[in-house]
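Dear colleague,

My notes on what was found in it follow directly after it.

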Amino acid sequence: MIAELGHYALVLALGLALVQAVVPIYGARQNDPILMSVAGAAAVAQFLFVALAFGALVACYVTSDFSVTNVFENSHSAKPLIYKITGVWGNHEGSMLLWVLILSVFGALVALFGTNLPAKLKANVLAVQSWVAFAFYLFILTTSNPFLRMSPAPMEGRDLNPILQDPGLAIHPPLLYFGYVGFSISFSFAIAALIEGKIDAAWARWVRPWTLLAWMFLTAGIAMGSYWAYYTLGWGGWWFWDPVENASLMPWIAGTALLHSAVVMEKRNALKVWTILLAILAFSLSLVGTFLVRSGVLTSVHAFASDPARGVFILMILTLFIGGGLTLFAWRAPLLKQGGLFAPISREGALIFNNLLLLVACAAVFFGTLYPLALEALTGQKISVGAPFFNMTFGPLFAVLLVAVPFGPLLAWKRGDLLGVTQRLLGAAALGVIGIVVTFAVEGGGPVLVPFAFGLAIFVITGAVTDLIERTAFLKVPLGTAFARARGLPRSAWGTALAHIGLGVTLLGIVGETQLGTERIAELKPGQTISIRRYDLHFDDIVERRGPNYSEVAARFTVRRGGEVIGTMEPSKRSFPSRGSGTTESALMTRGVGQIYLSLGEANPDGSIAVRLYHKPLVLLIWLGAVVMVIGGGLSLSDRRLRIGAPKPARSKAVLQPAE
Amino acid sequence: MTRKKRRLVLIGSALTVLAVAVALVLTALKDAIVFFNSPTDVAEKHIATGSRLRLGGLVKEGSVQRGDNMQVRFEVTDGKNSIRVAYQGLLPDLFREGQGVVTEGTLDGAGTFKADSVLAKHDEKYMPKEVADALKKQGHWKEDGGKSAATEPQGRTQ
């Protein structure tokens, strides 16, 4: 009964989506406020119905209703409650339902919080949003219905893939989807602007908070996924340049570019056409990501099942929206007027440089991700494009970008003074150089790039701090005045600085982990000791334990540093009888921002067990940097001008530029 | 600066960055790409010793020999040809005789494949796509046999 209710709610949402996709646009053309206002109500109702459908599926999982095929295939009555709930999106059908749920959340948010949007723009935005929703409801109902029943109902389910039975599943997919799907709002705004043929600085101001919100979620989602992979796979790696990871990185890069170009548009009324294009691109890349992950062209944990019909359907959605969006762009964009003039050396110029490098880096990732698929389709030749390719292409481009990062915020709008900015950055550069020298001295030999990468990270961080110091005139004016100024700074200035600092922090972590880490692999018997850096790990014994739906063999280690006990580590191997497979649970010990990482390999007949032991200095900075970036985004989002919205009347005549 | 000049500077710098990126991609394509081969491909193609490649197939029954210090030798087969593989290190959880495996490394002069990474698969539901295709080519693919073999590269998130 509950499953049918969910199914029915989803069908109703489809119907509502169709209404919302057509009526408001017609209303906007006819200038009919009543027809236009249908959009808001429909968006909220759509959200309620999708939430009902989602709730119904959750209920089926919680009550272990195995007559529902989806529950039978992915759940088990002995599974802990949290994994019964998270298991809802630990499969293809359920994860698509989560996708549309989040899409409808964003639609409802625009309807509820977009009160200061011009009626026409709002109607068009919500209509475009609903086109996307309609396509995906149709996709779910025709190819991936989670509510299908089977008869007779089995007694027990097949359980969720053990590797997904982890708290990470509760956090990573929802965050990532909020990011992915959030870009649909920027896309809808762009398409709405093209339909109306009108775009201005105020438009950028409305789009930016949504883009920022999506970007924050995507940043957090990618970081979370990376940390999950790090602790769960037992290899100590945190980024594999795997196609599915790239699928989330590409919209992130495009979204980052969009955030920056929207600033130019908002402040200087320039780069309009470009910003629209980026908004279309960011969501297109989200769709490409959904396609790569969900269509089954890649075999992976993420591609839960491959069914050609699904792949073709998503490909059609992809072609329709990307093709349609770009066609509309090509047709309407020339009508948009160019904005203000500026010299190449200026804040605008710096932001364009940022966009250029980001997009080219994104293109390199795109190429590396899709080339193997294309090559195989065309020639049958199978290749693997792995980390070396991306390190050689993405790496240098991003390094150049990072060098430029501290300059951007210090340059003036319109016409900047590169020499002056360089002088102001001398302090930061000096610290960077000291970082290089110190690393050289400490590391001695080793890869030459390491000290420079450290120096670069320090330069990025201190460069961002320099910007804050300059703005508050810290140390130049009395401390009280400086604090008053700091309080008076727009929050977006703090946001920018924090986001850039986060970038530097992540870089520190990456260099520390990849270049200064050590690894040991050995076969140990209980009673033996293995050492790494200054840590000695004594293998005490092996214990067997039982969990709710698995049995576990754990190896207990006592960790000493200089003879003193500092803790214990218990890596284990779990086996899940319901699936006949298992997971390796690594043990982590955090020391400052570094970690000791221990995971188990095969047990040998002679009683010894293979272990992998890593010392990973600075590793936590990789994710802490992302957290700092997200906090920066949050600060920027709470900036007064985004909260209050765009100033209206008076000046607006001069600012608004009708296309015709 | 006039609009025209500004546009020239913009286009100029865009083209420069693009050219650099294309150069980077082309170099990387030459150096950083690894081809996938089945044992039959290796036997027929005369691959130069020392060049990196991926070798995939089934671990031949009865071929696994473990030595000291985590040395392992086994054979990878696609039913028609087999290649000896030498590897030192931890094997993934689901490395089994008769199951699918993908190894990466180089061929030495004696025809032994020195692997520096071995990927077996995490979930028994799937077969690595490359391996399945290679086996199909040799006519050794059995639908349910494929199901019992596994796919998920250990150590990948995917």
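**Helix pairs in chain A**

The helices α10(A) and α11(A) are roughly antiparallel to each other, because angles under 35 degrees count as roughly parallel, over 145 as roughly antiparallel, 65 to 115 as roughly perpendicular and the rest as oblique. Their axes, those of α10 (residues 272-294) and α11 (residues 308-332) of chain A, come within 10 Å and cross at roughly 170°. Here axes are lines fitted to C-alpha atoms, for helices over the stretch in contact, and angles run from 0 to 180 degrees between N-to-C directions. Helices (H or I, at least four residues) and strands (E, at least two) are DSSP runs, numbered from the N terminus.

On the side of α10(A), the contact includes I276(A), I280(A), L287(A) and F291(A); among the residues of α11(A) that take part are I314(A), L318(A), F321(A) and G325(A). Two residues are in contact if their C-beta atoms, placed from the backbone, lie within 7 Å. By class, the contact of α10(A) with α11(A) has 14 nonpolar, 3 polar and 2 charged residues. In this count Ala, Val, Leu, Ile, Met, Phe, Trp, Tyr, Cys and Pro are nonpolar, Asp, Glu, Lys and Arg are charged, and the others, Gly among them, are polar.

The axes of α19 (residues 491-516) and α20 (residues 619-637) of chain A come within 7 Å and cross at roughly 170°. The helices α19(A) and α20(A) are therefore also roughly antiparallel to each other. Their contact divides into 18 nonpolar, 11 polar and 2 charged residues.

**Source and numbering**

This is a predicted model, in which local features need pLDDT of at least 70 and side-chain atom pairs count only at pLDDT 80 or more, while totals for chains, interfaces and linings use all residues. Residues are numbered from 1 along each chain as its sequence is written, and chains are lettered from A and ligands numbered from 1 in the order in which they are written.

**Chain A as a whole**

Chain A has 22 helices and 11 strands. Its radius of gyration is 27 Å, close to the 26 Å that the globule rule gives for 660 residues, so chain A is as compact as a globular protein of that length. The radius is taken over C-alpha atoms, and the globule rule is 2.2 Å times the number of residues to the power 0.38. Along its principal axes the C-alpha trace of chain A spans about 85 × 75 × 55 Å.

**An open sheet**

In chain A, 4 strands form an open sheet in the order β2-β11-β10-β9, with antiparallel pairing. The edge strands, β2 (518-524) and β9 (587-591) of chain A, each pair on one side only. The twist averages 15° from one strand to the next. Two strands pair if DSSP finds at least two bridges between them; 7 bridges join β2(A) to β11 (residues 609-616) of chain A. E519(A) has Y614(A) as its bridge partner in β11(A).

**Backbone details**

The peptide bond from S151(A) to P152(A) is cis, with omega near 0°. P152(A) is in the loop between α6 (119-143) and α7 (168-196) of chain A.

**Confidence**

The predictor gives the complex an ipTM of 0.77 and a pTM of 0.89. Chain B averages a pLDDT (the predictor's confidence in each residue, from 0 to 100) of 76, and 75% of the residues score at least 70. Confidence in chain B is lowest in helix α4 (residues 143-148), at a mean of 38, and highest in strand β5 (residues 82-88), at 91. Where pLDDT is low, the predicted coordinates should not be read in detail.

With kind regards
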